[in-house]
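Hello,

I am handing over the structure below. My notes on it follow.

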Amino acid sequence: MFFSRSRDIIWTRITCAINSIRRKTMHSESTALESTVIAENTSDPKPVKKADRQFDFKLYTQRHIALKVAYLGWDYHGLAIQETADDTIESKLFEALKRAKLIESHLECKFARCGRTDKGVSALSQVVSLYVRSNLLEGLGVVTSTDCRASERKGDKTSEIQYMHILNKLLPEDIRVLAWAPVTADFSARFSCLQRTYKYLFPKGSLDISRMQAAAQKFVGEHDFRNFCKMDVAGGTTNFRRRILSFDINPLDNSPSSPYQMHEVTITGLAFLWHQVRCMVGVLFLIGSGLEDVMLVDKMLDIEKCPRKPQYGMASEIPLMLFDCVFEDVNWQRDEQAYEHLVSHFQALWTAQMVRATMLRRMLDSLEYSFLTGLGTPTLPSSQLAPLVTDQKSKSKSYKPMMSRQTSASLDELIDYHQSKRRRLDEED
């Protein structure tokens, strides 16, 4: 019996050993099969993406051109390129220029702008000038470097690149090139501009347009506008005399009895200071609302009696647009087919915005009807529109007259401050 039990134990151990060997064998075969499958799948590696061929700018000439650009600036941090912000108009424009291989670097294309618009400001006719790649070997604005090999390039050398068509395919939908023009080597979008026109849109509300128009005419002519701008002494601006050629305020529709009637301020001048338009319009809103007298403009333009700028809020940036920039002897060119697409594109943008605006207006009509019916009031207090177009939201219910407010530093004080600051920095170096 003892031997019988011993045989059973031995047989059990042998069976367990055989099963263990079988499991190991099956695992090894499975691993080998998996390795084979992986090897088969990787034996024919995926094709490696070829590196982009380096574009040879030496096979092309360069051409000095001007671009007429329109943009809706509401969602951008201004026109000028910035180190701390990517969402500027120029950053998007340079990105498109580089993708189209029209420039190598924005630092080397001798870029100039006509008017620097701030955050939220739009433009219909902004003009920039720069050197870009050209198909031509000669012509107005065409230049050839010493190492240029354009004559060796195969392909068309008589038809110019379709700048407008190419850039509009690469730009965001709210930035578009309207036209381009070849210009001379001494042309500058900034210094060659003869005059600039800005437009500012606003609803009538309870504003007295006739008072605003009377005050606006006082800006016409050459004046020192230091009290109607942000003085950029640190940037080197110490001369604040500018000439305004015309200043008009006109309705855009025929509904004079409605507080929703849109009006348009049109200001034309030779050049403008930083925030000048928004400051002038902000003061006009105060006059139009009856908070200030028309003679306020005269007092603030008198630098001897008002050497320091009173502290006040500017008009909102959203309704402001650089409408036109005038140049002499600039032959603007545009592709008719591309221009047709451009019109259709802006019609689509207009449709989307107009549907939203109309929907809001219908809501207001319904709410106002209920308001008037419930209270029996003959007219709606249209002064509620004022906060929509100005930044002047006082926390106090009592209005403080402009000439009684705290003032900023004078021009002489600012100059002394920045000169002292420079001297300190020089001494530290």
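**Thr268 and the chain around it**

Thr268 lies in strand β9, which covers residues 262–269. Strands are DSSP runs of E with at least two residues, helices are runs of H or I with at least four, and both are numbered from the N terminus. This is a predicted model: local features need pLDDT of at least 70, side-chain atom pairs count only at pLDDT 80 or more, and totals for chains, interfaces and linings use all residues. Residues are numbered from 1 along each chain as its sequence is written, and side-chain values use heavy atoms, with hydrogens and water left out.

Is Thr268 buried or exposed? Thr268 is buried, at a relative accessible area of 10%. (Buried means under 20%, exposed over 50%, partly exposed in between, with a 1.4 Å probe and protein chains only.)

Leaving aside residues up to four places away in sequence, Thr268 touches Gln195, Arg196, Thr197, Ile244, Leu245 and Ser246. Contact means heavy atoms within 4.5 Å.

Now the whole chain. The protein chain has eight helices and 10 strands. It counts 429 residues, 39% of them buried. Take the contacts between residues at least 6 apart in sequence: 78% join residues at least 24 apart.

Last, confidence. pLDDT is the predictor's confidence in each residue, from 0 to 100. The protein chain has a mean pLDDT of 85, and 81% of its residues reach 70 or more. Residues 1–5 have pLDDT below 50, and this stretch has zero contacts in the model beyond near neighbours in sequence. Over residues 29–43 pLDDT stays under 50, with zero contacts beyond four places in sequence.

Best wishes
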